[in-house]
Amino acid sequence: MGFESTTHIATRHWSNVSGVDRHNDILHCSHSIKLDSFEPFTAKNHNNIETRPFSALIGKLGSCVSQLEQFPVKVHDLSTGAGNSALKFFNTHQLKCLLQRHPDCNNLKQWKSGTVKIDPLALVQAIERYLVVRGFSHIRENNQSKSDDDNSDDDIDDTLAAVVIGQGSARHKLQFLIGNHILPYNMTVYQAVRQFSTTSDMETDNESELPLGSAGIWVQTHTIYYRPLPEDTEVHSPKPTTSSSGKKGRSGTHKSASKKVKDELWLEGVVSPVKSSLEPYLQLSLPEYVQIQDPSLPVLSLLRVLNAINRYWTSLYPTQLHNNSIIPFNEFINVKISAKANRQLQDPLVIMTGNLPAWLQQVASACAFLLPFETRQLLFYATVFDRDRALQRLLDSSAGNNTNGDMHDRVAPRLDRRKRSVTRSNILSQAEAVISENATSRALLEIQYEDEVGTGLGPTLEFYALVSKELQKADLELWNNPSRSEFDSYVHSAEGLYPNPLSRTCKLPHQVKMKSKFKFLGKFMAKAIMDSRLLDLPLSITMYRWLLGHENYLTLGDLSYIVPEIYKTLSQLHQLVLEKRLILIDNTLNDEQKTEKIRKITLDGCPVQDLGLNFTLPGHASIELRKNGANIDVTIDNLEKYIQLVCHWFLREGVSKQMESLREGFESVFSLKRLGQLFYPEELEAIFCGHTNTTKNWDVRMLSESCRLDHGYTGNSRAIGFLFKILSEYDYQQQRDFLRFVTGAPRLPVGGFKSLSPALTIVRRIFDDNDNPDDYLPSVMTCVNYLKLPDYSSIDLMRKKLQLAASEGQHSFHLS
């Protein structure tokens with residue numbers, strides 16, 4: 001900071017300064033941003049903002065965190081024989097447990113079949129299912145016999161090792177305890193015994209702990225109590241706390257207040273104020289759910305505030321409509337903590353036993369900016385879904401780097417699979433039925449097409465891609481589409497898809513139809529994430545902000561991601577509003593002079609009242625912004641109200657029914673809370689749709705490093721040289737066609753070709769001696785990303801054959 005800036009801070013009376021002005025002062029001193037909040041920002045002066053002091057501060061604070069933090073890491077070396085033996089041990093041994101009705105409970109049957117052998121990697125909810133199917137969850141009435149003589153399980157296997165782990169999200173009925181400790185349903189039995197059992201001589205969790213635990217764990221019998229789940233216990237899909245608009249109040253007072261707000265909107269055009277995006281982060285400490293103790297926490301708390309300022313500083317200035325960060329987001333990443341997190345998350349034994357340290361989840365949730373996207377994605381799958389999904393994700397992410405196939409065999413996830421057959425005709429309605437039936441199931445959904453032999457990954461990926469395309473049909477009227485022509489079958493938007501606003505007078509059947517479609521979309525999106533499937537559905541970043549509960553923070557700048565032309569016009573009109581404000585606060589003018597100057601405000605020489613605007617939604621003449629809005633002309637006097645209402649209807653009022661239905665559908669599969677804690681809105685497209693680079697060509701070197709060559713082809717083969725040269729010249733649409741041909745999906749996962757699992761394998765297609773390879777097309781096995789490529793005589797011929805195969809080989813799966 002220079003002398004002038006330091007003097008400015010010293011002379012300000014901070015006790016009398018508002019929070020907004022304090023942040024303006026900081027930005028003025030650290031980035032030379034002028035204090036006059038009505039001075040317009042342009043691309044030119046934004047680029048002149050001094051970022052070096054802020055960047056240096058973040059770097060210093062990051063170094064402080066690295067020196068102060070003492071986060072423990074529990075990692076077992078699986079590169080040795082002992083590590084593999086440990087993995088084999090878990091797959092071949094069971095824990096001896098005695099199931100007992102809780103002493104305080106007398107309305108459930110008592111378990112009398114002795115000890116049961118439980119797979120150490122089974123989840124606690126597997127025990128519940130084991131008891132529920134045997135009738136132990138039935139609560140007896142007071143007048144019923146309390147005899148337990150009907151408990152006969154002679155014909156039932158006494159091992160839980162083969163029990164399928166909880167399917168679906170059915171409401172829990174039983175609660176389990178070891179001692180006085182209630183066991184989480186998604187905790188492994190091994191971890192529960194390690195953490196809570198007092199019968200075994202267990203060591204303290206530290207870096208030198210033995211992966212198999214003490215010998216007593218495997219020899220002694222552990223008592224696990226069961227009792228009815230208390231009615232007031234919340235165990236299933238808690239609603240997200242990031243949003244209040246989607247919650248339905250039960251009290252009459254809430255409904256009356258909500259109705260009053262809507263009446264004020266409709267009758268008077270009163271819009272609820274937009275909240276500042278900075279508001280949730282301006283706290284003196286980390287959120288309450290951070291329960292760990294560490295010397296670095298005060299510094300992390302400060303970094304959390306500074307990261308929010310870096311992201312949302314423009315909300316402090318009414319003239320700055322776009323969120324432009326001061327420094328790149330990656331400058332906040334802490335290399336040391338990221339390395340610890342990666343080391344923890346890439347240990348299969350830690351994932352298998354659910355033995356993640358508490359600090360990792362808490363710090364990542366409060367300070368997601370510390371970790372790179374790929375690390376947070378691994379953490380998401382390791383903590384949100386079941387253990388087998390987490391393990392499968394880990395194996396997929398390390399497939400390209402791991403050469404130890406034996407380890408894969410030993411720790412192979414045991415994921416259930418549900419196969420469903422569909423026809424290609426009317427696939428959207430069939431998808432609605434399939435997803436409705438299977439969305440909440442923990443089993444992997446696999447799709448097969450009727451009259452086609454293909455099954456597995458390829459047809460399933462194509463199913464998600466085809467349904468994504470069907471959802472973009474223009475005649476569904478789901479999406480805002482102001483430039484639609486009668487010849488357009490699908491909605492195309494460079495900014496991404498966004499719901500079509502609904503008017504206050506929209507007929508009920510149409511509302512029901514829209515809400516039903518968006519509820520299905522929410523389930524469809526959530527199931528895709530759960531099963532690690534990619535969608536081909538380009539959604540607007542503003543829609544992703546809505547999904548995460550940020551709707552009350554949306555401003556005029558967010559319209560640029562929905563209706564850029566309308567945004568451009570409103571931005572120009574917004575400048576007129578600011579011009580009017582400056583006149584009104586000018587103390588050198590009297591009232592008559594102010595009125596005269598305001599009357600002379602024009603847009604490119606045209607007075608506002610002559611622009612021909614009224615209080616209807618631009619592009620949607622049938623949607624009035626307020627009652628009788630079609631008959632209310634826009635003037636300089638009500639221009640600010642007009643801009644507020646247009647933003648409110650596009651961003652909140654007109655889409656609230658659709659987006660609340662979307663979130664309701666999503667929440668029926670899993671909670672949005674963790675998604676919002678670990679990821680930012682601009683990252684969600686990568687979560688749902690994978691690799692999003694639409695301009696860069698594929699590089700020959702990248703292809704050679706990412707693809708696996710086998711059965712007749714090497715890196716020196718002529719055909720491989722032809723292929724990589726052809727692929728490197730593909731444009732965006734050709735890339736999509738090729739990917740759909742070889743994998744079933746038109747997009748790559750995050751990380752591009754290198755993250756494709758299994759890796760794209762290219763082999764030489766073999767023919768009889770009398771056959772000419774030039775007469776045949778390449779063929780694929782999409783379930784394993786396997787391309788059988790003939791050794792064509794020229795590159796031009798290969799190019800034509802690939803193009804023909806990619807265009808004609810889609811939309812069917814037959815034997816190759």
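**Confidence first**

Analyst: The chain has a mean pLDDT of 81, and 78% of its residues reach 70 or more; pLDDT is the predictor's confidence in each residue, from 0 to 100. This is a predicted model, where local features need pLDDT of at least 70 and side-chain atom pairs count only at pLDDT 80 or more, while totals for chains, interfaces and linings use all residues. Residues are numbered from 1 along each chain as its sequence is written, and side-chain values use heavy atoms, with hydrogens and water left out.

User: Which elements have the lowest and the highest mean pLDDT?
Analyst: Helix 1 (residues 3-11) has the lowest at 36, and helix 24 (residues 656-667) has the highest at 96. Helices (H or I, at least four residues) and strands (E, at least two) are DSSP runs, numbered from the N terminus.

User: Where is the pLDDT below 50?
Analyst: Residues 78-83 are one such stretch, with seven contacts in the model beyond near neighbours in sequence. Residues 151-158 are also below 50, and that stretch has 16 contacts of this kind. Contact means heavy atoms within 4.5 Å.

User: OK, new topic. What does the UniProt annotation "active site" cover?
Analyst: In the unreviewed UniProt entry, that annotation covers Cys783. UniProt positions are given in the numbering used here, feature names are shortened, and annotations may be inferred rather than shown by experiment.

User: And where is Cys783 found?
Analyst: Cys783 is in the loop between strand 14 (779-781) and strand 15 (786-789). With a relative accessible area of 34%, Cys783 is partly exposed. For the cut-offs, buried means under 20% relative accessible area, exposed over 50%, and partly exposed in between (1.4 Å probe, protein chains only).

User: What is Cys783 in contact with?
Analyst: Thr455, Leu457 and Gly458, leaving aside neighbours within four places in sequence.

User: On to charges. How many salt bridges are there in the whole structure?
Analyst: The search finds 29. A salt bridge here is a side-chain nitrogen of Lys or Arg within 4 Å of a carboxyl oxygen of Asp or Glu. Side chains of opposite charge can pair when their charged atoms come close.

User: Show me one. What does Lys517 pair with?
Analyst: Lys517 forms a salt bridge with Glu432, and the closest N and O atoms are 3.3 Å apart. Lys517 is in helix 19 (residues 508-530) and Glu432 is in helix 17 (residues 427-438), so the pair ties together parts that are 85 residues apart in sequence. Lys517 itself counts as buried, at 14% relative accessibility.

User: What about Arg736?
Analyst: Arg736 forms a salt bridge with Asp536, with the closest N and O atoms 2.5 Å apart. This one links distant parts of the chain: Arg736 is in helix 29 (residues 732-743) and Asp536 is in the loop between helix 19 and helix 20 (541-547), 200 residues apart.

User: Are those two buried or exposed?
Analyst: Arg736 is buried, with a relative accessible area of 13%, and Asp536 is buried too, at 8%. Asp536 and Arg736 are also linked with Glu685 and Arg747 in a network of salt bridges.

User: And where do Glu596 and Arg599 lie?
Analyst: Both lie in helix 22 (residues 591-599), three residues apart, which is about one turn of the helix. Glu596 forms a salt bridge with Arg599, the closest N and O atoms being 2.5 Å apart. Glu596 is partly exposed, with a relative accessible area of 34%.

User: Is Thr188 buried or exposed?
Analyst: Thr188 counts as buried, at 2% relative accessibility. Thr188 lies in the loop between strand 4 (181-182) and helix 7 (189-196). Not counting residues up to four places away in sequence, Thr188 touches several residues, including Pro120, Met352 and Arg387.

User: And Gly612, buried or exposed?
Analyst: Gly612 counts as exposed, at 67% relative accessibility. Gly612 is in the loop between strand 9 (606-607) and strand 10 (616-617).
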